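Take a look at the fold before reading on. The paragraphs below start at one position and then widen to the whole chain.

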Amino acid sequence: MQIVLFLAASVLVICVITVFERIRHPGPTDWWRNLQAWALQMGIGMVVMRVWPDWHGGSLIDVRTMPFWLALPIFILVRDFLEFFYHYAQHRIPALWAMHSLHHSDPEMTALTTNRHFWGDQLIKGLTIWSATSMITTSTFPLMATYAWMSLYNYFIHANLKVDFGRWSWVLNCPAYHRRHHSRLPEHYDTNFAALFPIWDVLFRTYRRPDGWPPCGLDEGAPQSLGDLFAWPLRWSPAREPDTAPTAQRPSEA
């Protein structure tokens, strides 16, 4: 029942944001390919959740003994940092970039781009950051549910809406901040990796304040069929190496 409610909420959020996107920026989008990628990802995700064993080896931080108001920010910060770390690795390790490049292949980033991921990402995350989260901090159903509902904010982050927090862009992610990460301009490569909190970019010197509304997509193009989505890493041509990051702007220069 919780999954059905969350899926319904996701569809509602996407529909509302899409209406605003169409009003503000009418034009062609790769919406059908994004929906196909979402279906593949969701199907694999359901399988992973059912068959993936829970971690029972103990955690460094046991939040079950803490009040919810304290356990929640600890859990969110741990999960958000691991998302940042994994995202950074996706732009550094060729095999991970071959999968992650599907997300960056959308020629016009919209709310639906949020779910444009290669289906194998679910398996890799199960082996890495999902397990690492359980090793660092325990999780309870209320914590997981709250984090899941907070993740709906990702649809806003990817929205084709010119929202920029300006000098406060280091506090919370927003469309202009994440658009810079998806930019196809070489000077914008490999910056602004944060999922929710850009403080991780500040600390690791990958933070750049948004500057305009750059074009998105990859020179290698986008998938043209469901088969391309399914086998995307096999057909990807590494014309742009994932480890050619420019010198990141220091926080003091932002």
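Start with glycine 120. This model is predicted. Glycine 120 sits in the loop that links helix H4 (94-104) to helix H5 (121-127). Is glycine 120 buried or exposed? Its relative accessibility is 6%. Buried means under 20% relative accessible area, so glycine 120 counts as buried.

Now look for glutamine 41. In sequence, glutamine 41 and glycine 120 are 79 residues apart. In space, their C-alpha atoms are 7.8 Å apart.

Contacts across the protein chain can be sorted by sequence separation too. Take those between residues at least 6 apart in sequence. Of these contacts, 77% join residues at least 24 apart.

Next, the secondary structure. How many helices and strands does the protein chain have? It has 12 helices and 0 strands. Read from the N terminus, the elements run α-α-α-α-α-α-α-α-α-α-α-α.

Turn to burial and surface. The protein chain has 254 residues, and buried ones make up 44% of them.

Finish with the cysteines. A disulfide is a covalent bond between the sulfur atoms of two cysteines. How many disulfides does a search of the whole structure find? The search finds 0. Cysteine 15 is partly exposed, at 43% relative accessible area. Cysteine 174 is buried, with a relative accessible area of 0%.

Methods. Residues numbered from 1 in each chain as written. Predicted model: local features only at pLDDT ≥ 70, side-chain atom pairs only at ≥ 80, totals over all residues. Heavy atoms only, no water. Helix = DSSP H or I, 4+ residues; strand = E, 2+ residues; numbered from the N terminus. Buried < 20%, exposed > 50% of the residue type's maximum accessible area, 1.4 Å probe, protein only. Contact = heavy atoms within 4.5 Å. Disulfide = S-S within 2.5 Å.
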